[in-house]
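Me: I would like to learn how to read a few features of a structure. Please show it first.

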Amino acid sequence: MCGIVAAAARREVSEILLEGLRRLEYRGYDSAGMALIDNDRHLLLHKKKGKVSELERAQALDPYHGCTGIAHTRWATHGEPSGANSHPHISGQRVALVHNGIIENHSALRAELQGAGYDFASATDSEVVAHLLHRELEAGRSLLEAMRAAVARLEGAYAIAAVDTQHPEEVVGAREGSPLVVGVGIGENFLASDQLALRQVTDRFIYLEEGDLVLISPSTIQILDVDGRPAERSKTRIEAAVESAELGDFDHYMIKEIYEQPRALAATLLCEPDHSISDTAFGERAAAILDRVQTVQIVACGTSYHAGMVARYWLEELAGMPCEVEVASEFRYRKRVQHEGTLLVMISQSGETADTLAALRNRSEGEFIGSLVIANVDNSSLVRESDLVFLTRAGPEIGVASTKAFTTQLVALLMLTIVLGRRRGMTAERERALVGALQSLPDHVQETLMMDPAIEELSGAFIPKRHALFLGRGIHYPIAMEGALKLKEISYIHAEAYPAGELKHGPLALVDEDMPVVAVAPSDDLLEKLKSNLEEVRSRGGQLFVFADIQSGFANEPGITVLPMPHCPEVIKPIIYTVALQLLSYHVALQKGTDVDKPRNLAKSVTVE
Ligand code: G6P
C-alpha cells in the first residue's frame, strides 16, 4: 500500500520515476507526487490528488528535470486524499521524503516538532519523519546517520525514501515492516516498494531486511543493518517474467489476467512424470516437516482467505487432515490453543500483507511444527521468512481484484492436499486421478472462457441492482463468497454470500424481485439440497441466475436463467465456477463504468494493518 520509487543517476530520472509509479499504482491511487533535485540543487516538487496520470499531466505542462529524485503513489491512511496530504513531504526547503506504512506515535512526535518550531503542511503521519530527518541534518549529521537517528524515534511500520539538497547525488532509504528493494544499475541505483517498478531499468535487486538503512548514489550502495553495522546483502537477478506487466491488446488488467489463467494454472502445477506430486515442490526441506503434520492452520486475507476455505474441504475430505482457516487480522490478536503437530499455512498473492505477515512473526515458540507460505511474489517478506515456500506461477497480477492468483493458489492447495493425503493413506491411483484432473484444468478453464459472451449478456440484469446474493453449498460456498467479493470490489454492488442452507435463517427476508440471486450449482452430493433452497428463493419472487452443468438438470424458466457450465472432474469445479463468476463481475463493472483495475478505496498490496 502506497508505492515508492527513487533514483540516483547521472541521467534525467523524471520519466523513470513516472514509469515506476505507473507500475506501482496498484498499491494505491489516491494521490501521486515526485520530488527532484536539479543541477542547481533546487528541490522541485509536483504533487497531485488522484491518479498517476494527473501527475504526468502536471509534469507535461511544467516539466521538471533532475538526476536524483523520489516519487510516491498514495493509499490514504492518515489524512484525506488531497494535494496537501500527498507525498513527498518537504522540510526546510531542503528535505523531501516519501513514506509507506503507519507511524503510530506520530501525534507525540508532531507535538514535539511543533514545539521545536516546525510548521506542518499536512494531516499525515508521514510528515513528522521529514521534519525529524531535517532536524538531524541541521545538527550536522550525514544523510545516513540522520536517517538512522530519525527512524530510531519511530514506532510503527515504514518504508522511506528521502533526498536532501545538500547531498544532491544521494537518496537515503529505510525499511521496517514495509517492503523496500534496491535496484542495482550501472552508474545508477534505485529504490522501490516492489521490483516490478524498476524492471524497465534493471534486473538486479537487493532485498533489504527489516531494520535496514540504505544510501544510494549513482555509483555506490551502502547498507546498515538494524544495529547500524555495515551489512552485505546478496544481489538477486530476476528472470524476465513469463507474463509481462503490460496491458497488450486488453482493455483492462483484470480481463487480461482472467484470460491468462490457462497458462498460469499449467505453469503452477508441478508434477512428476509418473503423475505424482513431489514433496520438494514445497521446498527441499519439505518432507521432514510434512511427515510430522497432524493438523493444518491456514491464515490469509481477502481472496486468499477464500482459497484457504476451499482448501479446508479438500484437506479434510481428500487427505483426512484436520484444518482450520482464519482471517489473519483476527488470528494475529487471538489467544490461541494449537493442536500438536500443526503446520501454519499462509496464503498471500503479494507475500507482503501486513496481517498475514504478523501471523507468522507473532507465533509463539513451538506453536507450530513449521510454516509454509503459498505466494506469487518471490523474495517477498513471507517467502523469505517461512520454512517452506510454494510459489504460484501466475506472473504479475496488476488488477486489484485478484483472479489468476486465486485460481493458482487453489492448484497449490490441491497439491498440498495430495502430499499430505499420501501420508494418510491416499492411494497412488487416487493421487494420479487428482493430478490428472489438475492437468485437465487449463482446457476446462479455456472452455469456461468461451462463455464470456453469454455471461456478458447476462450481466446487464445486474446493472440497475443495488444488492445481490450469492449462494453455494459445501466447497462451493467459498466460491460463492469469492464471487460476491469480486462483484462488490469492482462494481460497488452490495453482494453477500450465504451457504444456501442458511437462507431461511435470515437472508430470505431480503429476497424479492429486486434481489438477483446467483447460485453456484454444479452437480454434486448437495445438489438436491441446493435445489430446495433455490425453490425458497423462487417462490418469493427472487430472480435466479444459476451456474450449473448439464447433469444438474436446471432449465431456463421464468425467474431462472441458467448458465451452462462445462462438464469437468468434480475436484476442479470450484476453479471452473470461479472463472465464470470473475467474468460476471468484470462485465457488470464494465457496464457500470467503474474503474475495473483500480476500484475506489482499495489497494492491491495491503502492507498496513
Ligand atoms: C487486498 C487485495 C485483495 C487480496 C488481499 C490479500 O485486499 O485487494 O485482492 O486478496 O489484499 O492480499 P494477498 O496479497 O495477501 O493475497
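Me: Where is Val201 found?
Reply: This is a predicted model, in which local features need pLDDT of at least 70 and side-chain atom pairs count only at pLDDT 80 or more, while totals for chains, interfaces and linings use all residues. Residues are numbered from 1 along each chain as its sequence is written, and side-chain values use heavy atoms, with hydrogens and water left out. Helices (H or I, at least four residues) and strands (E, at least two) are DSSP runs, numbered from the N terminus. Val201 sits in the loop between strand S10 (189-192) and strand S11 (204-207).

Me: Which residues is Val201 in contact with, leaving aside its neighbours within four places in sequence?
Reply: Contact means heavy atoms within 4.5 Å. On that basis Val201 touches Arg11, Ile16 and Phe190.

Me: How are two packed helices described?
Reply: By the angle between their axes and the distance between the axes. Axes are lines fitted to C-alpha atoms, for helices over the stretch in contact, and angles run from 0 to 180 degrees between N-to-C directions. Here H14 (residues 428-449) and H18 (residues 573-592) pack at about 30°, with axes 9 Å apart. That makes H14 roughly parallel to H18 (angles under 35 degrees count as roughly parallel, over 145 as roughly antiparallel, 65 to 115 as roughly perpendicular and the rest as oblique).

Me: Which residues in H14 and H18 meet?
Reply: Leu441, His444, Val445, Thr448 and Leu449 in H14 meet Ile575, Ile576, Val579, Ala580 and Leu583 in H18.
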